[in-house]
Amino acid sequence: MDRHDLIIIGGGPAGLAAAISARENGIEDILILERDVRLGGILNQCIHNGFGLHTFKEELTGPEYAERYAKRVIEAGIPYKLNTICADISPDREVTYVNAEEGCVTVKAGAVILAMGCRERPRGALGLPGFRQAGVYTAGTAQRLMNIEGYMVGREVVILGSGDIGLIMARRMTLEGAKVKVVAELMPYSGGLKRNIVQCLDDFGIPLRLSHTVTRVHGKERVEGVTISEVGPDRRPIPGTEEFYSCDTLLLSCGLLPENELSKSAGVRLSRVTGGAEVNESLETSVPGVFSCGNVLHVHDLVDYVSEEASRAGKNAAAFIKAGGVRERGRAIALKGEGGVRYTVPQFIDRANMEDKLTVRFRVGDVYKGKSLAVYYDGKEVRRVKKRVMAPGEMEELVIMKSSLPENTEEIIIRVED
Amino acid sequence: MNEFDVAVIGAGVTGSAIARYLARYDLKTVVLEKEEDVSSGTTKANSGIVHAGFDAAPGSMMAKMNVRGCAMIKELSKTLDFPYRNNGSMVLCFDEAEMPNLKALYERGITNGVEELKILTGDEARKMEPAISEAVVAALWAPTAGIVCPFNLCIALAENAADNGVEFKFLTEVENIEKTAGGFRVSTNNGEITAKTVVNAAGVYADKIHNMVSADKLTITPRRGEYVLMDKEVGSLVSATIFQLPGKLGKGVLVTPTAHGNLLVGPNAQDLDDKEDTETTQAGMDDIKKRALLSVPGVPYNKMITSFAGLRAHEARHDFILGEVSDCEGFFDAAGIESPGLTSAPAIGEYMADMIAEKLGARQKADFNPNRRGFIEVAKLPREERARLIKERPEYGRIVCRCENISEGEILDAINRTLGARSLDGVKRRVRQGMGRCQAGFCTPRTMELLARGLGIPMTEVRKNRPGSELLKG
Amino acid sequence: MEIHELTCIRCPIGCQLTVTVDGESVKVEGNNCPRGAEYGAKEVTNPTRTVTSSVRVRGGELPLVSVKTATDVPKDRIFAVMEEIHALTVDAPVHTGDVLIHSVAGTDSDVVATKTVM
């Protein structure tokens, strides 16, 4: 069986940044497995701009952002395989992949970085009543058909869910000549960035109906319209509020789910909240030598944070490999979100292995204005940060200083407070 | 050219089974189907259960066909190579007061000829199926029951029929049937054919077809059943098919693994007027989800990947109507085929085919090939075999549907072989592309390209299923 | 005098701005920082956007190449820009940064490729 020091599953923004960082940290023998025809992952179909403001201090489109990282990987001579699906990862890091050239191959990895990204929540999982007609697409599928293949999925469109992909597609379809009639959002607030609401909806006079959902999809063969109803505080439709919108297409932008089937095959423990792996300060999962980063770990709002997180995963995997695949693990400090903080990444900190500054990322469960984020070490408040506004659509972060963290700490809690 | 010995109307599992058993005889048979593919009506949306046969009234056609069909499917799954699992079924009783009903079911099963039936105590049942409710006081265990992929059962029967010379005409809707001296003239939206005999296997439309030739009118009521399907991740929550003893709360809903390893819950029953109304409703889904929890309190609905509805062809007498119509010689009904119609299909097929062959004085063909090779499932092949196959045909190494691990080669197989897929749903039913947890989000564009290439049509003409369901608008 | 209500997009706070235009004078209210004032004034007097789309490619590994306007264009020129983009087909190879349309739709911005298609 062949062996590589590091195998990275996924050649999107997370996998590429992880590879570059691992190489910079001294790992020569790296292999990236990518299922698509080119490196860059989902960014290749995100042809809109707004990427890279943090990383490159300029505004790039998705393909440009992807190309900058792909170039660095290619220039560094890091091997990668395209059109290659990873079929299995075993708990002892045997990676099986499939492609047309080699067939079915198993290789041993010194360390593995999971960077498979996420998928969209489909119609079936939403339980939308109606016929099973053509014309219902997840926003990302429609985006691929339009931006990679060059086809129009519809002419008259209703969008359910105001996630960023849905908003971006509202503009994209409008520019291509479609009529986007309305965007319905189940929650009383949008899950997308403000800037996208202004530039993708307001610019084109597309109404956003908050606290509304689709309660019926009409049409037997093809979508002929949808019924939209207002929902109450319990998010159940309010009878009598039904409104019919005629359309030939329904796009769904109703959430992203980290794609962790392979992680499960490796025996990685997953968080019930994020759907991604539970990781420690090194972004290492419950399986030693298996690291996770990017949208497969938790769904990010900005790709810049994916790249930053993946760099850390690459660096930590390099350290693991250089240490001969065994690292002393100290006692784990549990890191938890409570009272409005839905989760934290990482979920554990081994103080001995943490760097001087550790960035903790999380999301809040509601829109909070003028509240604070409070950090507690074993019940003792150690920090309080006032926030003008926090929303579920945007990731928050806090830095934990090693110097401020007592060695015997058992538990760190982050809460939203007045 | 368009002259046949037998015209079978309907390419669902009943029509396909009749066609397959007719193919054993030296008869020229045609199957007329109004949809674009086999398995497009009742066959595509049901529980996929191979019933043991204790439900039907003793002496009924249902009882007879069910028990025989149950045994036949197990054998056919080998000769025709379709997914089947002999997982057994359990009818749960929640109330001591209803024990007589459970015992009556057992007795009925014995009378019907169902083997190995056994009444279990609640604890015995829970030992076998730990996920079932604490409230279960007893259960009827039927080890001969099974689960089958309904699409592939139908596709296998139809393919084998076609490979043995039966002709299939799709998008061919029967508009009129006229009795002639030599048999029948059947007019369709796709031309006219003549046949010495006609078999009515038109599912929910069997009344319409029957009433074209008979004064003894038939009424088929479409009875809608809704289902929810869960991810394979939770497909082993139960091993057997779990029924509820019909009682105060109605007929009950089932919880079952599917032949492909998902978890299925449903159906409810709602009589409708519209024979095309396969719309799911919020109320219906809420209802079945709630009722299934009586049997299995831990059904993880957050793992739901899709919901669907199917129509059963209900006839008031609640028995299969199988045979020659009394006032129209040469016209045969296979009508009122509701549950256990899927289980019974091979038995009905054999029974009807033999009856028609006798009527026409047909002889068995010497060159009938009873075997059919199923679709290659690359991901399930042993490693070396998979590697060898990919080396020979690299398209089996290009994975298109990553949830179900379906390769380009398998999708091309679905399109290219006998009675190949003509639409996205056709591919899905044959090789499960898009049937996984992402519900075709990722693989739709690539599968559409393969369909366009395989069928020699532009992308804009690729359909989800029947005409009108084109996926693109330019 | 014109009054415009808009949402600032310069940061996630999303301040609700009221912009009053009276002849030459532009007054922004509701902002919490200078960036909001700048945004409000520009949105009302000279709103501009980057347009991103895709252009058909002949003989390439992909049927489309993604493109953008190299700089922002006036908001009311978006559809004029799109018309020129729609009308264009280019030959492979195309490299990121290649100018595909000079001074698109009479603006001073070029349409450039944002992807390399061999």
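Select chain C and colour by secondary structure. From the N terminus, its elements run β-β-β-α-β-β-β-β-α-β-β-β. That comes to two helices and 10 strands. Helices (H or I, at least four residues) and strands (E, at least two) are DSSP runs numbered from the N terminus.

This is a predicted model: local features need pLDDT of at least 70, side-chain atom pairs count only at pLDDT 80 or more, and totals for chains, interfaces and linings use all residues. Residues are numbered from 1 along each chain as its sequence is written, while chains are lettered from A and ligands numbered from 1 in the order in which they are written.

**Whole chain C**

Zoom out. The radius of gyration of chain C is 18 Å, well over the 13 Å that the globule rule gives for 118 residues, so the chain is more spread out than a compact globule. The radius is taken over C-alpha atoms, and the rule is 2.2 Å times the number of residues to the power 0.38. Along its principal axes, the C-alpha trace spans about 55 × 30 × 15 Å.

Now colour residues 2-46 and 52-113 separately. These are domain 1 and domain 2 of chain C, with bounds from an automatic or database domain assignment. Their centres, taken over C-alpha atoms, are 31 Å apart.

**The sheet of β1, β2 and β3**

Select β1, β2 and β3 of chain C. They form an open sheet in the order β1-β2-β3, with antiparallel pairing. Strands pair if DSSP finds at least two bridges between them. β1 (2-7) and β3 (25-29) of chain C stand at the edges, each with a single partner strand, so one side of each is left without a neighbour in the sheet.

Pick I3(C); its bridge partner in β2(C) is T20(C).

Next, show α1 (residues 34-45) of chain C. This helix packs on the sheet, touching β1, β2 and β3 of chain C. Its direction makes about 130° with that of β3(C). Axes are lines fitted to C-alpha atoms, for helices over the stretch in contact, and angles run from 0 to 180 degrees between N-to-C directions.

**Where chain A meets chain C**

Bring in chain A. Here 21 residues of chain A are in contact with 22 residues of chain C; contact means C-beta atoms, placed from the backbone, within 7 Å. Which helix of chain A supplies the largest share of its side? Select α6(A): four residues come from there.

Finally, show chain B. Chains B and C do not touch, and their nearest C-alpha atoms are 13 Å apart.

Technical notes:
Contact = placed C-beta atoms within 7 Å.
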